[in-house]
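This briefing is meant for a reader who is meeting the structure for the first time. Please keep the sequence and the 3D view at hand while going through the points that follow.

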Amino acid sequence: MGLVLPISKCSTLSKRLGDRSFKIANSGLGHCSVGHRAVAELRHRWMEFQGIKNWEGLLDPLDDDLRKEILRYGEFVEAAYRCFDFDMSSPTYATCLYPKSSMLTDCELDKTGYKVVKNLYATCVVQMPRWTKKTFPNLASPRSSWIGYVAVCDDEKEIARLGRRDVVIAYRGTATSSEWLENFRATLTCLPDDMTTSGENYDQPMVQSGLLNLYTTNTQCDQSLQDTIREEISKILDKYRDEPLSITITGHSLGAALATLTACDITTKFSNAPIVSVVSFGGPRVGNKSFRCQLEKSGTNVLRIVNSDDPITKVPGFVIEDDIDDMAEKGTTHVASMGMPSWLQKCMEDTQWVYAEVGKELRLSSKGDIATCHDLKTYLDLVNNYENDRYIINMKNNNFLY
């Protein structure tokens, strides 16, 4: 049996980040046993692991406690895949296989200390042509599909271990033909006014048009993903307003891009939002430089786990780089701005194909086919075995694919 950590004092401090305020629980420990050092380490360093210092000093070499946190959030994304009904012949295709009350238990995550409080659905604007339903019935997909969930840590021991109550929003990757069509709508489009911060001195923030459609589209029968997120986060912030709180948004592939867009929306919409962090796996690009500026200004922390051999992380569009030192590593879709006339750069940006990388990057490398390099299990294996920026794992013989 482990010893209980005596708490000598507990104070709540107010700290500002960007334009938002949040609470920090700072507990002083009189002493702790060797067996509880990891617990004490996490509860006192959780803000570092959530990116308050942009993960400086934690990625190379990868901090063991941060590694565990990344893998823990990866499990929530895995659960989003396990819950999804991929069977196109099933009457419940594209819905969640399990009831909300037992979802994490059914996915073997019953010991996480989290409870699912909301199912999330995304609605597509574009759909497969009607004639494909008869000619290619397997391509048919519903306009609105289950894409993830919101879970809240409600176990007191886990809250004590984490140092705060954590809220997780987890998204799966692309699964339906309609979602693939949205992925191909890769030109940039302006964020709506209610997702931008007024009075800033940078250009209009823009994001991938298909991604924005998935996030904001509603119908007479289906609420938009954005409205669902805003309603649920509002309830959570009100219910736990007197507690230390964090919101962690995680996803893979399309889900990684949605996680970044969701974080932007939350930090823009809620001035009282706590620390909002993104842990993304194998995500495509999301927006332009102005979108990145808005994320940074709002204090949104984004950790992108990237496999150098994963082509999905190199699309859509291309990036105009100010720093050309690592362009070769990042790929041919990065273009050097050095020596480029300003008028040419402006013309390129006007094509609505110039994106910008966001957040902090943890770059890994694997060897294998394209599908394997992009697979979530490959990413989690890479993180689990990561030692330094030269670590390479050969996944060629593994056949993981969602």
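## Salt bridges and other local features

A network of salt bridges links Arg-285, Arg-304, Glu-357, Glu-361 and Arg-363. The model is a predicted one, and a search of the whole structure finds 20 salt bridges in it. The points below take up some of these pairs, and then turn to cysteines, backbone geometry and surface charge.

**Around the network**

- Arg-285 and Glu-357 are both buried.
- Gly-287 is placed in the loop between β9 (275-281) and α10 (289-298), and Gly-287 is buried, with a relative accessible area of 0%.
- Although Gly-287 and Glu-357 are 70 residues apart in sequence, their C-alpha atoms are 7.9 Å apart in space.

**Two further salt bridges**

- Glu-243 forms a salt bridge with Arg-165, and the closest N and O atoms of the two are 2.8 Å apart.
- Because Glu-243 lies in the loop between α8 and β8 (245-252) and Arg-165 lies in strand β5 (residues 165-171), the pair ties together parts that are 78 residues apart in sequence.
- Of these two partners, Glu-243 counts as partly exposed at 27% relative accessibility, whereas Arg-165 counts as buried at 8%.
- Arg-230 forms a salt bridge with Asp-194, in which the closest N and O atoms are 3.2 Å apart.
- Arg-230 lies in helix α8 and Asp-194 in the loop between β6 (188-190) and β7 (206-208), so this pair ties together parts that are 36 residues apart in sequence.
- Arg-230 is buried, with a relative accessible area of 11%, while Asp-194 is partly exposed, with a relative accessible area of 41%.

**Cysteines**

- The structure holds zero disulfides.
- For Cys-96, the closest cysteine sulfur is that of Cys-83, and at 4.3 Å from the sulfur of Cys-96 it is too far for a bond.
- For Cys-107, the closest cysteine sulfur is also in Cys-83, but the 3.3 Å between the sulfur atoms of Cys-107 and Cys-83 is too far for a bond, because a disulfide needs the two sulfur atoms to be within 2.5 Å.
- Cys-96 is buried, with a relative accessible area of 16%, and Cys-107 likewise counts as buried, at 2% relative accessibility.

**Backbone geometry**

- Most residues other than glycine have a negative phi, and most peptide bonds are trans.
- A cis peptide bond, with omega at about 5°, joins Asp-60 and Pro-61, and Pro-61 lies in the loop between α1 (37-49) and α2 (64-83).
- Val-315 and Pro-316 are also joined by a cis peptide bond, where omega is about -5°, and Pro-316 is found in the loop between β10 (301-307) and β11 (318-321).
- Ala-94 has a phi near 70°, which is a positive value in a residue other than glycine.
- The place of Ala-94 is in the loop between α2 and α3 (103-106), where Ala-94 counts as buried at 2% relative accessibility.
- Glu-108 has a positive phi as well, of about 65°, although Glu-108 is not a glycine.
- Glu-108 is found in the loop between α3 and β3 (114-123), and with 69% relative accessibility Glu-108 counts as exposed.

**Surface charge**

- Lys-100, Lys-115, Lys-235 and Lys-239 form a positive surface patch.

Conventions: Residues numbered from 1 in each chain as written. Predicted model: local features only at pLDDT ≥ 70, side-chain atom pairs only at ≥ 80, totals over all residues. Heavy atoms only, no water. Patch = residues over 30% accessible without salt bridge, like charges linked within 9 Å, V, L, I, M, F, W, Y side chains within 5 Å. Areas by Shrake-Rupley, 256 points an atom, 1.4 Å probe, with all protein chains shown as cover. Salt bridge = Lys/Arg side-chain N within 4 Å of Asp/Glu carboxyl O. Lys, Arg positive; Asp, Glu negative; His and termini not counted. Charge placed at Lys NZ, Arg CZ, Asp CG, Glu CD. Buried < 20%, exposed > 50% of the residue type's maximum accessible area, 1.4 Å probe, protein only. Helix = DSSP H or I, 4+ residues; strand = E, 2+ residues; numbered from the N terminus.
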